[in-house]
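Here's a friendly walk through a few spots in a protein model.

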Amino acid sequence: MAISIPISARRAWSWPQIRVAAVPALSGPACATALLAGIGACLALPWLPAWPLLALALLAGIGIAWRWREARVAGVLLFGFGFAGLHATYALHQQIPLTLEGKPNTISGRIVDLPLHEARRTRFEFVVDGDAGQPADLRGKRLRLAWFDQDPKARAGLIAGSRWQLQVRLRAPQALRNPGGNDGEKQAMAARIAATGYVLEPASAQRLAPAAGIDAWRERTSMRIAAMAAPSSRFIRALALGDTRSLSDEDWSRLRAAGLTHLIAISGFHVGLVAGFFALLAAAVWWAFPGLCRFVPRPFAAGFGAVDGAFAYAAMTGFALPTLRTAVMIAALVAARCLRRRQRLADTLALGCIALLLLDPLSILGAGFWLSFAGVAWLLWCLPAEQGPRRWAMVHGFVAAQAVATLGLLPLTVMLFGQASFAGPLANVAAVPWWSLVVIPLALLGVLADSVHAGFGMWLWQAATWAFDLLWPVLARIADSPLAMAWLPEARWYALPLALLSAFWLMLPRGVPGKPLALLLWLPLLCPPRDLPKRGEAELVVIDVGQGLSVLVQTAHHSLLYDTGPANEDGFDAGERAVVPALHALGVSALDAAVLSHGDNDHAGGWGAVDRAFPVAALLAPIGSPAPGIVNCVAGQTWEWDDVRFRMLHPTPDFPYLGNEASCVLRVETAHGSALLAGDIGHYVERAMLHRDADRMRNDVVIVPHHGSAGSSDPEFIAATGARLAVVSSGAGNRFGHPKPQVVRRWCDAGAEVVDTARAGAVRVWLGGDGLQLTERRSDKSRLWDAARRRHGTAGLCYAPES
């Protein structure tokens, strides 16, 4: 029996089927994994291949994936490799050339994102206009700038969305490189930052146009929330708008200890709430006007409303990765429904991953990408659709989700942040439902009401603040517990895959054998080998603190910190940003002694952060130093740890405090060699020590005095040391020009290898049974975005002549 189908019905039925048939397996989990692997493999290289080779890999990958079904996964992997390489090449090429560095440039453009106002400066991101009136190498580029001014009122006009004409001094992004520290150069490349710098002559800056656009609306809304004058309004600003500028270091420490950082900033749940509201709104409009269904079915309209709401909210928050990821997921679900195609959650996750990677392959350089997708992947793999009786299914599922997230994401959090929150599961059990179902909806409804009319959202924000304050004291008490969080030493590369394999094995169904043995696979991550010196040996780590000094000296069972780097009021604190993370990554839990060579900021400024983070048994400083020394360092002091002798060579008891010249000079003596830590002494003290204690001037390793200034490193002093290694601690492009070329030449001519932290990053030196050994952080952990290598090449300052 023949059945006739009207033309219109055939078209309505066949159009989605054609589209579904045209969708290959390129959106499945296998291809998503291959794309991710290809991108990751490229960005893990220490250097980038030439761009023609990357383009060839991209085109070859497309051809293989399109023509050979059996090799589709390999083609996608090759495509990802070339695609990521081209993006990275372009991002690095966008950074300003060396010829532009240090020179004043007048530019005009727009402030993007929310400026961070501090007591003495304002930091903001600035996109230069693309017209011909701008310097050719800066047109359309994104800059990270600082405006220094003691008067906050002078900086009040720096508002997101406003346009300015500024005179700036710029340099290509270059950051510190230390164990456990953030990689600022990686972050700059991922964010497409072309240069960093500061505003010259702020009084001459001109505002070209008032604030406008989404960024300006976001800042105005944030200011209205802050106007409530409630202490916890800073958290409501973060939960509603992703504005974390007002959160203090103490707030962040508590959030990390309680494992709540994933909730405090804009998360996928926020986007889901907004998308759901817009979906209901669209469905209500279609219900009120049924005639619209003749053009678009109501389920489709609800889906389109959800997508519009999700992407609008993502735009409102600056397209932060969590919001963009969730918006893409929602779009994938809606597309599958519009195509009348059943799609597993795993397929949706894979499609969202592919879409994000195609939008920006460099997003994998951020921790948020891995934590977000890994968390969802673990949940999809481990949790069944329903468990137990229906009335307990939600509770059981929530508890199971917390267990899975804690175990599955622990390896990533340890590798990415060097810490593990043991209080996280307990804090999340309370915070996730209360914040997600009460605090965040109230905050978002306040934003919606305030968008209708300024001030309408105030009472909703006050309710959100009240609800937040009910739980926060309990969470703060949990976070302040000494057992809430543990810092873990930096692990080897193989620790992460072993820990992930262990987590996978432990979450297999009951009855799978070998689960107790799988726990052993966690040991390389949670208890990594530290390679501590043996008795009679010593290790020195010259931490990269910029223009300053900080050296960790370790023996078999003791640790000493010599200086703590610089710190600026309401600015960069090397103690907090470099020294403390490095000590954590090196496995230091307490300091047996600390020496503040003298009171200058570049040597003692970071002491406050170190003192807060670590118990210190003894603190030494010269007599009269403004540094808070408990014990005065005086020439002749000696002590011994693990068959390693520490000897103070300067200042003498009657030496007055003269700043640099009064620096504590420490000699570390082992059976295999010695090292001299000379602080900021100059020619006068160098000659005095040479005259007073010539025998102890002989050292294998010397931390070059005063960062290699012209007033130090006297030729007679250099010759007397006979050093094989001279380490300079200086900041890249510092205004003093340290180390001075003539000083470097003196050390080189004397037969020493000269290493500068500005080029090498943190420098680790071993004085042990295998002789003098050295590793440089930048060469040992080489990365394709390494700024020092692109600036100076791979050669050091000089090398010792072969014997």
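At what angle do the axes of helix H2 (residues 29–43) and helix H4 (residues 72–93) cross? This is a predicted model, and in it the two axes cross at roughly 40° and come within 7 Å. That angle makes H2 oblique to H4. As for handedness, the H2 and H4 crossing is right-handed.

On the H2 side they include Ala30, Ala34, Gly38 and Leu43, while H4 brings in, among others, Arg72, Val76, Phe81 and Ala88. Sorted by class, this contact of H2 with H4 counts 16 nonpolar, 3 polar and 1 charged residues.

## Another helix pair

Now jump to helix H7 (residues 233–241) and helix H17 (residues 458–479). Their axes are 9 Å apart, and the helices pack at an angle of about 110°. So H7 is roughly perpendicular to H17. H7 passes H17 in a right-handed crossing.

Which residues of H7 make the contact? Phe235, Ile236 and Leu239 do, and they meet Trp461, Ala464, Thr465, Phe468 and Trp472 of H17. The class count for H7 with H17 is 7 nonpolar, 1 polar and no charged residues.

## A strand with two neighbours

S10 pairs with strand S9 (residues 538–542) in the antiparallel sense, over 4 bridges. Look for Val542, which stands opposite Val551 of S10. S10 also pairs with strand S11 (residues 559–562), again antiparallel and over 4 bridges. Here Gln554 has Ser559 of S11 as its bridge partner, and a hairpin of 4 residues joins S10 to S11.

## Two buried residues

Is Asp642 buried or exposed? With a relative accessible area of 8%, Asp642 is buried. You'll find Asp642 in the loop between strand S15 (638–641) and strand S16 (644–650). Setting aside neighbours within four places in sequence, Asp642 is in contact with Arg535, Gly536, Thr555, Ala556, His557 and His558.

Ala726 sits in strand S20 (residues 725–728) and counts as buried, because its relative accessibility is 0%. Not counting residues up to four places away in sequence, Ala726 touches Val702, Val704, Trp747, Ala752, Glu753, Val754 and Val755.

## A partly exposed loop residue

Last stop: Glu490, in the loop between strand S8 (485–487) and helix H18 (495–506). Glu490 has a relative accessible area of 31%, so it is partly exposed.

Which residues is Glu490 in contact with, leaving aside its neighbours within four places in sequence? They are Pro179, Gly180, Pro528, Ala585 and Arg777.

Conventions:
Residues numbered from 1 in each chain as written. Predicted model: local features only at pLDDT ≥ 70, side-chain atom pairs only at ≥ 80, totals over all residues. Heavy atoms only, no water. Axes fitted to C-alpha atoms, helices over the stretch in contact; angles between N-to-C directions. Parallel < 35°, antiparallel > 145°, perpendicular 65-115°, else oblique. Left-handed = near helix turned anticlockwise from the far one by under 90°. Contact = heavy atoms within 4.5 Å. Nonpolar A, V, L, I, M, F, W, Y, C, P; charged D, E, K, R; others polar. Buried < 20%, exposed > 50% of the residue type's maximum accessible area, 1.4 Å probe, protein only. Pairing = 2+ DSSP bridges.
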